[in-house]
Amino acid sequence: MFPAENLRDWVGYDVVDPDGKTIGSLEAVYVDTITDEPSFLTVKVGFIGKHRLAFAPAVGATVAPKFIRVRFPKDLVKNSPSIDTDGELLAADEPKLFAHFGLDYGSGVERRLARR
């Protein structure tokens, strides 16, 4: 396992939790608009015909030859705020997303996340 340098190269690979449980597959990376660093991953979860994109923090993510490991448990990621597979995260929902994982959103009024 090694730190992920360019997570966008891993789109389509499985995302697993610290225990090795598969959460879903990496769909996209959201970067922090202030630092331009990866902030969240969208993970395609669900069943055939009922997929959605759940969010997982990118902080501390590591990669292996066939998967990405995030630092958060499967249930926490699957229960995170989510969007439709063709949807977009609304700026108004960003603070809730950070709060779900106990992360500091900051006090700025500008949008923090952008899909890349």
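Reader: Where is the place of serine 39?
Author: In this predicted model, serine 39 belongs to a strand that covers residues 38-47. That element is strand 4.

Reader: Is serine 39 buried or exposed?
Author: The relative accessible area of serine 39 is 13%. Buried means under 20%. Serine 39 therefore counts as buried.

Reader: Which residues does serine 39 touch, not counting residues up to four places away in sequence?
Author: Residues up to four places away in sequence are left out of this list for serine 39. What remains is Tyr30, Val31, Asp32, Ala56, Pro57, Ala58, Val59, Phe98 and Leu113.

Reader: What is phi of aspartate 36?
Author: Most residues other than glycine have a negative phi. Aspartate 36, in the loop between strand 3 and strand 4, has a positive value. Its phi is near 60 degrees.

Reader: Is aspartate 36 buried, exposed or partly exposed?
Author: The relative accessibility of aspartate 36 is 46%. Buried means under 20% and exposed over 50%, so aspartate 36 is partly exposed.

Reader: How many aromatic pairs are there?
Author: Rings pair if their centres lie within 6.5 Å. By this rule the count is 7.

Reader: Why is the pair of tyrosine 30 and phenylalanine 55 edge-to-face?
Author: The ring centres of tyrosine 30 and phenylalanine 55 are 5.3 Å apart, and their planes stand at 65 degrees. Planes over 60 degrees apart count as edge-to-face. The pair is therefore edge-to-face.

Reader: How many residues apart in sequence are the parts that tyrosine 30 and phenylalanine 55 tie together?
Author: Tyrosine 30 lies in strand 3, while phenylalanine 55 lies in strand 5. Both tyrosine 30 and phenylalanine 55 are buried. The parts they tie together are 25 residues apart in sequence.

Reader: What is the angle between the planes of phenylalanine 72 and phenylalanine 101?
Author: Phenylalanine 72 and phenylalanine 101 form an edge-to-face pair, 5.2 Å centre to centre. Phenylalanine 72 is buried at 10% relative accessibility, and phenylalanine 101 is buried at 7%. The angle between their planes is 75 degrees.

Reader: Which residues do ring pairs link into a cluster?
Author: Tyrosine 30 and phenylalanine 55 form one of the ring pairs, and phenylalanine 72 and phenylalanine 101 form an aromatic pair. The cluster consists of Tyr30, Phe40, Phe55, Phe72, Phe98, Phe101 and Tyr105.

Reader: Is glutamate 94 buried or exposed?
Author: Glutamate 94 is in helix 2. Leaving aside neighbours within four places in sequence, its contacts are Leu89, Tyr105, Arg111, Arg112 and Leu113. At 0% relative accessibility, glutamate 94 is buried.

Methods
Residues numbered from 1 in each chain as written. Predicted model: local features only at pLDDT ≥ 70, side-chain atom pairs only at ≥ 80, totals over all residues. Heavy atoms only, no water. Helix = DSSP H or I, 4+ residues; strand = E, 2+ residues; numbered from the N terminus. Buried < 20%, exposed > 50% of the residue type's maximum accessible area, 1.4 Å probe, protein only. Contact = heavy atoms within 4.5 Å. Phe/Tyr/Trp six-rings, centres within 6.5 Å; stacked < 30°, edge-to-face > 60°.
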